[in-house]
Amino acid sequence: MLTISRGRFLSLLALNLPSPPKPFSPSPSLILLLRRRLPLSPSPPVPRRFFGASPTPSTPMAHRGKQTTQWKEKQRPAAVGSPPSSPVTASAVADGVGRLSIADDPAARSPPMQLGGAPLSNQGSVKSQQKGLWKPKSYVTASSAVAAPVESAIGSVPAEEETGSSANNLMKLFKGPIGAHFNVDNNTFSHAQIRATFYPKFENEKSDQEIRMRMIEMVSHGQATVEVSLKHSGSLFMYAGHHGGAYAKNSFGNIYTAVGVFVLSRMFLEAWGTEAGKMQAQFNNFLEENRICISMELVTAVLGDHGQRPLDDYVVVTAVTDLGHGKPKFYSTPELIAFCRKWRLPTNHVWLFSTRKSVTSFFAAFDALCEEGTATPVCKALNEVADISVPGSKDHIKVQGEILEGLVARVVSCDSSKHMEKVLKDFPPPALDGVGLDLGPTLREVCAANRSDEKQQVKALLQNAGTSMCPDYADWFGIEESGVHSRQADRSVLSKFLQAHPTDYATTKLQEMIRLIRQRHFPAAFKCYYNFHKVNSLSSDNIHYKMVIHIHSDSVFRRYQQEMRRNQGLWPLYRGFFVDVNLFKVNKERATDFAKDSNSLLKNINGNLEASSLVTDGLADEDANLMIKLKFLTYKLRTFLIRNGLSILFKDGPQMKIWGTSAGKQRELSKMAVYIRRKYGNKQLSTSTYLSEAEPFLEQYATRSPQNQVLVGAAGNLVRTENLLAIIEASRDEEGDIHHDVEAPSSPTHAAKDTVLKDEGLIVFFPGIPGCAKSALCKEILNAPGGLGDKRPVHSLMGDLIKGRYWQKVADERKKRPYTITLADKNAPNEEVWRQIEDMCRSTMASAVPVIPESEGTDSNPFSLDALAVFIFRVLQRVNHPGNLDKASPNAGYVLLMFYHLYDGKACKFDGLSYGNRREFESELYERFGSLVKMPLLKPDRNPLPDPVKDILNEGINLYRLHTNRHGRMEPAKGSYAKEWARWEKRLREILFGNADHLNSIQVPFDLAVKQVLEQLKDVAKGGYKTPDTEKRKFGNIVFAAVTLPVGEIKNLLDKLANEDPKAKSFLEDKNLVNNLMKAHITLAHKRSHGVTTVASYGVFLNQNLPVDFTALLFSDKLAALEAQLGSINGEKINSKNEWPHATLWTAPGTAPKEANTLPQLVSEGKATRIDIVPPVTVSGVLDFY
């Protein structure tokens, strides 16, 4: 067998792989120690051979501290029929898509010219290569640590003569996954550097309305500016240079990143034309030398459908991150725009709102457009109300289309406007030199021509991207010659990283973050892979690998935020989180000095770095992260079809209610669902190509009526966006206040109540867990003398005795007896039940009050382990329980854990947001139902839960997670953990009964608990709680701005006029305005008549009182209205856009309310009567949106 020296082996590898980035340099002494004591010193730099690259000027690349070497690309052999130095003409790609097929042979590996595409004419057929083709899998973070073997990975360059020896040496080095035989001792150190990341995902704990109000408040006081950007419909793509790597959200080395590299390369071609190759090389060198990562929204038609298939494939830069100082530093938007314009990268459309008037107008404009907005009217409206508008270099309308996903609003520094103005002056929009040139095959052409498998497609994309963007394919295919057949590192390397001594501050903080996530059992994966770019530095005592931190649940980000509040020094948890890790050893003589130097360094920089991180651009940390995402219905409707299909979207309208969709739009969408089912049945569309079927349908559906056009937003070329705002649902009157004579309601209307009324119903329900004593409590309430203190009957429905759908049975009983007090004796743990209760409240004129056991809760669950122990203990003491959940049940503990898990932060979501801790749980219930009754459970001065009880419960929780992850809801006796469950159930009983004295002693006496609950319920029944609407307040679908008037004062004014003027009395006495006039307002501006921005301009005065003088009553045989003169708010006169400000009182059947505008003209023609009010009567109204 041919053998080579170790140095020769590394030199050969260096021909194929890029040298590693600059090593960390925490201090001069640390550098010296590393140079002296690392077992394997990197070999001297060897010029890298770039195969297939067109010659470009040499560019400097940084290596090893301050040493730099001029790398010069070698001339590649000319491809047959395509000299590299000659430009490629249009005829070179005239043969069409058929010749784009990429063969797996050396000739086909020649990458394309930077301009004009690849020399595709000589690429062979792939038919002979189809046998045994390996289809690469994404590096997604799965729960399993074992990777699928790489059966046939291809390197970036042709093999050299001594490839066999290289492979043999590397195989000897890796006798298993990397890190498997690396042992940690006191001489082991770790060095970690973030390689790519995106903004932290901050889960807002406040409601959208609270965030809006806080943003407006901060802008009003000059503390911040609100920045708004378009949300393009694509996927996250991050790029850290041709050696730093290309990354998707939670993966790398797959088709997603290959597409990203290709599209980014094409952006350079469009921007720089013939200079693209040189600029790509300079750009990559800049990213490498400065450790910069750029994040982009990758929008393509080849990676699956979103709201609308884009017209072109492109990227938009959304973040630029400086990773050179350990903790990521994100560029501000002005800095990002300057960076992008320097390199001619695509930017997004951005608006800045720095005054109270502009920011309130923005939110009002969104609310006016949220159900029908598309790109053209939205951008037009924001351009008109914003203080600064910076158009994107990629026009959403031209590259993606009219369907707009949404807007992202966030708080930025109050100086952002000044910085932005300076950047716009210093960096004008760059020219696009590639316009009109032949840029070679498009993304869609390349993908269409290479469809045999994913590997072939990836290779074709990377080759067409060119060597300036992708000099090797190591991240995608590894190193073929190495013989390494696994990309995943050994699963033990994570623990070894945490055990090793950190070499710098960044490593310490990353270790701290990972330890916390593991200690809190947050659902996350830390997957480690070979770092093929560092193969030339590997040895048995010096290993490099990439770590992907994949967060499985959005609730983790919120829970991690809570940890950050307790520990201000924690680093944020980022999205798209990739880390380069180096584990190495030094000798014993130097290890002590190394550790001391490292610790000294950490102490010196510890406080300094974090002190500056507590404030961001002068904003408090909580305010610095204020962000709100605002999405449009036309997009949500389309994308929801991908995820759930029509049956879930329209079943009883739950999703429409979650979105806060107006009743009119819900009716239209229901009609659309019926039409779809009639035409296509219940066929489930493909998640990746659903638009192929959906768009033709939407185009056809839009032609059926103007209302349908508005509903679908845009489809095909038939919908003209400039006409969208001029159409509203035909059945809706313009103002909506007039109600003609109808049968009087038999019970008080829900909208008129301020408190719980005694002559309406009440639903008492229990968001709890079995064993919380709800059935015993219901019996006590039924037997309580006088009930809840009024004459309403009390009725109980026990869930364990009712067969079938329990909540439907409750709804049926409520309809029969709407004014009773219903005790819903069944656990109500999830949102689906809560919404059914809300529906019952609306349909039967009732209120609802939740009764919950009082408990402190944990970080992720509203019920503490103490409470869970008591609940299980109570269940295990039951005998002959109607629901068969008692001491005789072999799986009683499992059932209780199942209910407990229903409240866990990972599993329980409301309006798209997860809740876990107690405060959020109670806030959610109170916000929905307006009142909350707590049943005392645990004594506040109790002793801690004994360790055996705590341990057995935690063991059960972990076993439950293992069981459900593998088997879902399968019974425990039938799964692979059946024996473990049986042993756990037995030990659970032994431990709980062994600690019976403790569990009995910590409970509040039941009679005391019943007494306190009865007192709270009586308070609710008497109206002691003010009960808001059962649903959360919804925003959106603004149609017009108006002054809401107090109906009672209007009726008093009309009574006064009737008493003083015979004509008024004669007209009013038969109009029954007492019943018909339910609401009254004065229209200020209407979206259809005056435009979105005009309506939105009143947002600055929203919810403020406005004095109104009524000067006359005008009426005809078909109309009646009060003439009004508007006052001022904060010294600013409020004007109506109507020529004649008025409040419409009455219209005859068949007469539109807007006809009231003609009353002054009718008076002048003698066709109507005017009665002056002298002196004018003043009332106070509230400016509002309808």
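A: Let's start with strand β12 (residues 406–412), which pairs with β19 in the antiparallel sense over five bridges. Strands here are DSSP runs of E with at least two residues, helices are runs of H or I with at least four, and both are numbered from the N terminus. Two strands count as paired if DSSP finds at least two bridges between them. Within this pair, Ala409 has Ile628 of β19 as its bridge partner.

Before going further, a word on the source: this is a predicted model, in which local features need pLDDT of at least 70 and side-chain atom pairs count only at pLDDT 80 or more, while totals for chains, interfaces and linings use all residues. Residues are numbered from 1 along each chain as its sequence is written, and side-chain values use heavy atoms, with hydrogens and water left out.

β12 also pairs with β4, again in the antiparallel sense, over seven bridges; there, Val226 stands opposite Val411 of β12. β4 in turn is joined to β10 by four bridges, and these two strands run antiparallel. Glu227 faces Leu352 of β10 in that pairing. Six of the seven residues of β4 are buried, so this strand is largely enclosed by the rest of the structure. Buried means under 20% relative accessible area, exposed means over 50%, and partly exposed lies in between, using a 1.4 Å probe and protein chains only.

Put together, five strands form an open antiparallel sheet in the order β11-β10-β4-β12-β19. Its edge strands, each pairing on one side only, are β11 (388–390) and β19 (627–631). Neighbouring strands are turned by 20° against each other on average, direction ignored. Helix α9 (residues 375–385) packs on this sheet and touches β4 (225–231), β10 (350–353), β11 and β12; the direction of α9 makes about 35° with that of β10. Such axes are lines fitted to C-alpha atoms, for helices over the stretch in contact, and angles run from 0 to 180 degrees between N-to-C directions.

What about the packing? The largest nonpolar core has 79 residues, and those with the most contacts inside it are Phe353, Leu407, Leu1045 and Phe1110. Helix α8 (residues 356–369) gives the most to this core, with eight residues. A second, separate core of 61 residues includes Tyr806, Ala848, Leu885 and Tyr900. A nonpolar core is a set of buried Ala, Val, Leu, Ile, Met, Phe, Trp, Tyr and Cys residues joined through side-chain atoms within 4.5 Å.

Leu1045 leads us to another part of the chain. Leaving aside neighbours within four places in sequence, the contacts of Leu1045 (heavy atoms within 4.5 Å) include Ile1050, Ile1082, Val1108, Phe1110, Ala1143 and Val1179.

Here six strands form an open antiparallel sheet in the order β28-β27-β34-β29-β30-β33. The edge strands are β28 (1081–1086) and β33, each pairing on one side only, and the twist averages 35° from one strand to the next. Helix α36 (residues 1047–1060) packs on this sheet, touching β29, β30, β33 and β34 (1169–1185), and its direction makes about 175° with that of β34.

Inside this sheet, strand β29 (residues 1105–1115) is joined to β30 by seven antiparallel bridges, and a hairpin of three residues connects the two strands. Across this pairing, Val1108 is opposite Leu1126 and Ala1112 is opposite Glu1123. β30 is also joined to strand β33 (residues 1142–1147) by five antiparallel bridges, with Ala1120 opposite Trp1146. Seven of the eight residues of strand β30 (residues 1119–1126) are buried, so this strand is largely enclosed by the rest of the structure.

To step back to the whole protein chain, there are 41 helices and 34 strands, and buried residues make up 57% of the 1186 residues. Among contacts with a separation of 6 or more, 80% are between residues 24 or more positions apart.
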